[in-house]
Amino acid sequence: MKLIAHRGNVDGPMESWENEPTYIDLAISKGYGVEVDVRYINDTLHLGHDEPQYGVDFKWFTDRIANIWVHCKNIEAINFFKASQWDFNYFWHETDTITLTSHNDIWAYPGKQPIKGSIAVMPEMNNDDVSQCVGICSDYIMRYKK
């Protein structure tokens with residue numbers, strides 16, 4: 001089971017810390033993957049959900065490539081990661097039932113489970129059945145660790 005900390009949250013939402021680089025590293029240090037929200041603006045990568053908050057260099061991403069799920073928040077970010085020589089797992093979605101990541105993972109919108117072989121996003125919101133999932137992305141990911 002792939003366990004993914006939504007924006008770095010592991011035991012409930014901490015909005016003031018979400019997508020903050022050291023907060024992401026803390027979740028990684030606990031053994032979780034992390035979904036990060038990324039924009040590419042004026043040749044700079046930025047972390048942040050509703051707006052660009054933290055400018056980070058490309059090395060920050062390459063150093064964490066095995067642990068991050070890159071949620072592109074603008075088309076420029078998709079184009080940036082697509083053109084990269086690195087094998088990042090990145091995706092774009094809005095309210096689609098599912099989207100495929102660049103690694104062909106099925107990223108499923110909250111409330112749409114069960115979907116066999118998918119990553120359930122925020123299953124606690126709708127008490128989703130995650131029995132057929134291969135992963136979970138949650139603000140409460142510690143609850144799913146066995």
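Me: A charge sits over a ring if NZ of Lys or CZ of Arg is within 6 Å of the ring centre and within 35 degrees of the ring normal; what makes Arg 143 count as lying over the face of Tyr 140?

Reply: Arg 143 is placed at 4.0 Å from the centre of the Tyr 140 ring, a distance within the 6 Å limit, and Arg 143 is accordingly listed as lying over that face. Lys 145 is listed over the face of Tyr 32 as well, at 5.0 Å from the ring centre. The model is a predicted one, in which local features need pLDDT of at least 70 and side-chain atom pairs count only at pLDDT 80 or more, whereas totals for chains, interfaces and linings use all residues. Residues are numbered from 1 along each chain as its sequence is written, and side-chain values use heavy atoms, with hydrogens and water left out.

Me: Why is the aromatic pair of Phe 58 and Trp 86 called edge-to-face?

Reply: Rings of Phe, Tyr and Trp (its six-membered ring) pair if their centres lie within 6.5 Å, and the planes are called stacked under 30 degrees, edge-to-face over 60 and tilted for the rest. Phe 58 and Trp 86 are 6.4 Å apart centre to centre, with 75° between the planes, so the distance meets the limit for a pair and the angle falls in the edge-to-face class. Phe 58 lies in helix H2 and Trp 86 in the loop between H3 and strand E6 (89-91), so the pair ties together parts that are 28 residues apart in sequence. The structure holds 13 aromatic pairs, and ring pairs link a cluster that includes Phe 58, Trp 86, Tyr 40, Phe 61 and Phe 81.

Me: How do you know whether Phe 58 is buried, exposed or partly exposed?

Reply: Buried means under 20% relative accessible area and exposed over 50%, with partly exposed in between (1.4 Å probe, protein chains only).

Me: Why is E5 described as largely enclosed by the rest of the structure?

Reply: Five of the five residues of E5 are buried, so the strand is largely enclosed. Ile 68, Val 70 and Cys 72 point one way, while Trp 69 and His 71 point the other way. E5 pairs in the parallel sense with E2 over five bridges, Val 38 standing opposite Cys 72, and in the parallel sense with E6 over three bridges, where Phe 91 is the bridge partner of His 71.

Me: How do you know on which side of H1 the buried residues Pro 21, Tyr 23, Ile 24, Ala 27 and Ile 28 lie?

Reply: The arc is that of the directions from the helix axis to the C-beta atoms, and the buried residues of H1, which are Pro 21, Tyr 23, Ile 24, Ala 27 and Ile 28, cover only 165° of it, which puts them on the same side of H1. What covers them includes E1, E2, E3, E4, H2 and E5.

Me: Which residues touch the most other members of the largest nonpolar core?

Reply: A nonpolar core is a set of buried Ala, Val, Leu, Ile, Met, Phe, Trp, Tyr and Cys residues joined through side-chain atoms within 4.5 Å. Of the 29 residues in the largest one, those touching the most other members are Val 36, Val 38, Leu 47, Phe 61, Val 70 and Phe 81. Elements that give two or more residues to this core include H1 (21-29), E5 (68-72) and H3 (75-83), and E2 gives the most, with four residues. Another core lies apart from this one and has eight residues, among them Trp 107 and Cys 137.

Technical notes:
Contact means heavy atoms within 4.5 Å. Two strands pair if DSSP finds at least two bridges between them.
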